[in-house]
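The entries below follow the order in which I looked things up.

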Amino acid sequence: MSFKETQGLKKDSDFRRVYRYGKSVANRFLVMYTLPNKSENNRVGISVSKKVGKANVRNKARRRIKESYRLNIDGNIKTGYDIVFIARVAIKDAKYVEIEKAMKHLIKKANLY
C-alpha cells in the first residue's frame, strides 16, 4: 500500500494486536479498529473475508476502500494510529460513494479527524 503519510499494516501479529486491544466502531459496510501505535505515522490494514464473495469481488472492495482512504482520509487525520478496516458482506452491493461516506462516518465516530 502506498499512501502519502500512511504505511501498510502487513504482519498477522499486528492485525491481531489491533483486534485484541483496539477500539472498534462499525456501520453497515465497514468495521474499523483503531489502536495508538507510539509512532508518528499511521498504519492501515484492510481485511475482506471470503464471505464477501469471490476473488474479483473482494479485490474490487479492497481497491475501493484503499482509494477512499487515500483521497479523503490520508493526511487529514490524527497521526500515531494503527487502523484496520474490515469489509462487511453488504459492501459487495455498495457503490463507491457509499463506501466513501461510510468510511468518513467511521473516522468521525472514532474521533480521529
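Entry 1. I began with Lys-11, which is exposed at a relative accessible area of 57%; I took exposed as over 50%, buried as under 20% and partly exposed as in between, with a 1.4 Å probe and protein chains only. Lys-11 sits in the loop between β1 (6–8) and α1 (12–21). Helices (H or I, at least four residues) and strands (E, at least two) are DSSP runs numbered from the N terminus. I also looked up Gly-45, 34 residues away along the chain, and found 9.4 Å between its C-alpha atom and that of Lys-11.

Entry 2. I noted the basis of these values: the model is predicted, local features need pLDDT of at least 70, side-chain atom pairs count only at pLDDT 80 or more, and totals for chains, interfaces and linings use all residues. Residues are numbered from 1 along each chain as its sequence is written, and side-chain values use heavy atoms, with hydrogens and water left out.

Entry 3. I then traced the sheet. It is open and mixed in its pairing, with five strands in the order β1-β4-β5-β3-β2; two strands pair if DSSP finds at least two bridges between them. β1 and β2 (23–26) are at the edges with a single partner strand each, so one side of each has no neighbour in the sheet.

Entry 4. I went through the pairings. β1 and β4 are parallel, joined over three bridges, and Gly-8 has Val-44 as its bridge partner in β4. Strand β4 (residues 42–47) also pairs with β5 in the parallel sense, over five bridges; there Ser-47 is partnered by Ile-86 of β5. Strand β3 (residues 30–36) runs antiparallel to β5, with seven bridges, and Thr-34 has Ile-83 as its bridge partner in β5.

Entry 5. How much of strand β5 is covered? Of the seven residues in β5 (residues 81–87), six are buried.

Entry 6. I turned to α1, whose buried residues are Asp-14, Phe-15 and Val-18. Viewed down the axis of α1, these residues fall within an arc of 100 degrees, so they line one face of the helix; the arc is that of the directions from the helix axis to the C-beta atoms. Arg-16, Arg-20 and Tyr-21 are exposed on the other side of α1. The cover over the buried residues of α1 includes β3, β4 and β5, where contact means heavy atoms within 4.5 Å.
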